Amino acid sequence: MADTETRARTFGTLLAAMVTPFTQDGDVDYDAAGELAAKLVDDGCDGLVVTGTTGETSTLTDEENLGMFKAVLEAVGGRAKVIAGTGTNDTRHSVSLSRGAAELGVDGLLLVTPYYNKPSQAGVRAHFETVASATELPVMLYDIPGRTGIPIETDTILRLAEHPNIAGLKDAKADFGAVTRVLTKTDLAVYSGDDALTLPWMAAGALGVVSVTAHVATKQFRALVDAALAGDFATARRIHFELDPVIRGVMTRVQGAVATKQVLKWQGVLPNSVVRLPLVEPGDAELALIRNDLAEAGMDFAA
């Protein structure tokens, strides 16, 4: 297996799955995106995933996706890895968006399993290989069957790992046995795609996390990842327990992008918590649950 430092240089170790800020009228707020990217990097992220799931990519136009890549590159390019979410359920569309991202100068691509179509594993493999071959950029596969309807089967991942441009895996399948086999059999840089599973995945050899909750607790996630990479699992375990109510508040009460924008507004990082339909902002009962969870972690936001 390639050493940790070499693998970390490809994508980083703590990557925030960035939200896409909107104006009050619902347009993409590129200035706010650049400011958020800079804050995340200042606070400890060495990578940013731009317009992935949390970035509401499914309701962005190609122009908006490319605009987000450009805004984040201008804000933090050279200080952190900028990974563009260019995967869709249309292979030709994914190729086109990936080439556009490459022309802008992003550091890598995040490619989600083709959703809705429910292709065979042969189709999944052909899709990823086609998109990965369209540029010279390193690719991180994104396995999240809860959203896409199908998994990337482990045998498929092992075959895809042979592609020279496929260098990473964001695992959001919550199958410890499957991720262990990938870690054992490949040199892929594996990342937890579930904030709550960062510690166990890293204990098995994952390189880090692509995190939603890191938006609102960046420094704690940085400390957790650093401790785990150093083999200091007593410290990592302590931080894992401290983060539990934060992760609960951000990831379990409402959709992650919705909760994250709300907390960032409370923190004064974003001017609003606007999301695009079909997402809607939290109701009063949901806001109360999120506040209670965060208060448990010492983050108090008055009603």
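**Note on helix packing and local backbone features**

1. The model is a predicted one. On the helix 11 side the contact is made by Pro245, Val246, Arg248 and Gly249, and on the helix 13 side by Ile290, Asp293, Leu294 and Glu296. By class, these residues are four nonpolar, one polar and three charged.

2. Helix 11 also packs against helix 10, at an angle of about 150 degrees and with the axes 8 Å apart. That angle makes helix 10 roughly antiparallel to helix 11. The crossing of helix 10 and helix 11 is left-handed. Helix 10 contributes Gln220, Phe221, Ala223, Leu224, Ala227 and Ala228, while helix 11 contributes Phe233, Thr235, Ala236, Ile239, His240, Glu242, Leu243 and Ile247. The contact of helix 10 with helix 11 has 10 nonpolar, three polar and one charged residues.

3. Helix 10 itself (residues 218–229) has 12 residues, which at 1.5 Å a residue should span 16 Å; the end C-alpha atoms are 16 Å apart, in agreement. Its buried residues are Thr218, Phe221, Arg222, Leu224, Val225, Ala227 and Ala228. What covers the buried residues of helix 10 includes strand 1 (14–17), helix 2 (30–42), helix 9 (198–203), strand 8 (208–211) and helix 11. Just after helix 10, glycine 231 takes a positive phi of about 80 degrees.

4. The axes of helix 2 and helix 3 (residues 62–76) come within 8 Å and cross at roughly 45 degrees. The two helices, helix 2 and helix 3, are therefore oblique to each other. Their crossing is right-handed. From helix 2, the residues Tyr30, Ala33, Gly34, Ala37, Ala38 and Val41 meet Glu63, Glu64, Gly67, Met68, Ala71, Val72, Ala75 and Val76 of helix 3. Sorted by class, the contact of helix 2 with helix 3 has 10 nonpolar, two polar and two charged residues.

5. Valine 72 lies in helix 3. Is valine 72 buried or exposed? Valine 72 counts as buried, because its relative accessibility is 0%. Leaving aside neighbours within four places in sequence, valine 72 is in contact with Met18, Ala37, Leu48, Val50, Gly77 and Val82. Valine 72 and valine 190 are 118 residues apart in sequence, and their C-alpha atoms are 24 Å apart in space.

6. Some backbone features deserve a look. Most residues other than glycine have a negative phi, and most peptide bonds are trans. Glutamate 56, in the loop between strand 2 (47–50) and helix 3, has a positive phi near 55 degrees. At 3% relative accessibility, glutamate 56 counts as buried. Alanine 174, in the loop between strand 6 (166–171) and helix 8 (176–185), has a positive phi near 60 degrees.

7. Which residues does a cis peptide bond join? The cis bond joins leucine 277 and proline 278, with omega about 15 degrees. Proline 278 is found in the loop between helix 12 (256–266) and helix 13.

Note on methods:
Residues numbered from 1 in each chain as written. Predicted model: local features only at pLDDT ≥ 70, side-chain atom pairs only at ≥ 80, totals over all residues. Heavy atoms only, no water. Contact = heavy atoms within 4.5 Å. Helix = DSSP H or I, 4+ residues; strand = E, 2+ residues; numbered from the N terminus. Nonpolar A, V, L, I, M, F, W, Y, C, P; charged D, E, K, R; others polar. Expected span 1.5 Å × (residues − 1). Buried < 20%, exposed > 50% of the residue type's maximum accessible area, 1.4 Å probe, protein only. Axes fitted to C-alpha atoms, helices over the stretch in contact; angles between N-to-C directions. Parallel < 35°, antiparallel > 145°, perpendicular 65-115°, else oblique. Left-handed = near helix turned anticlockwise from the far one by under 90°.
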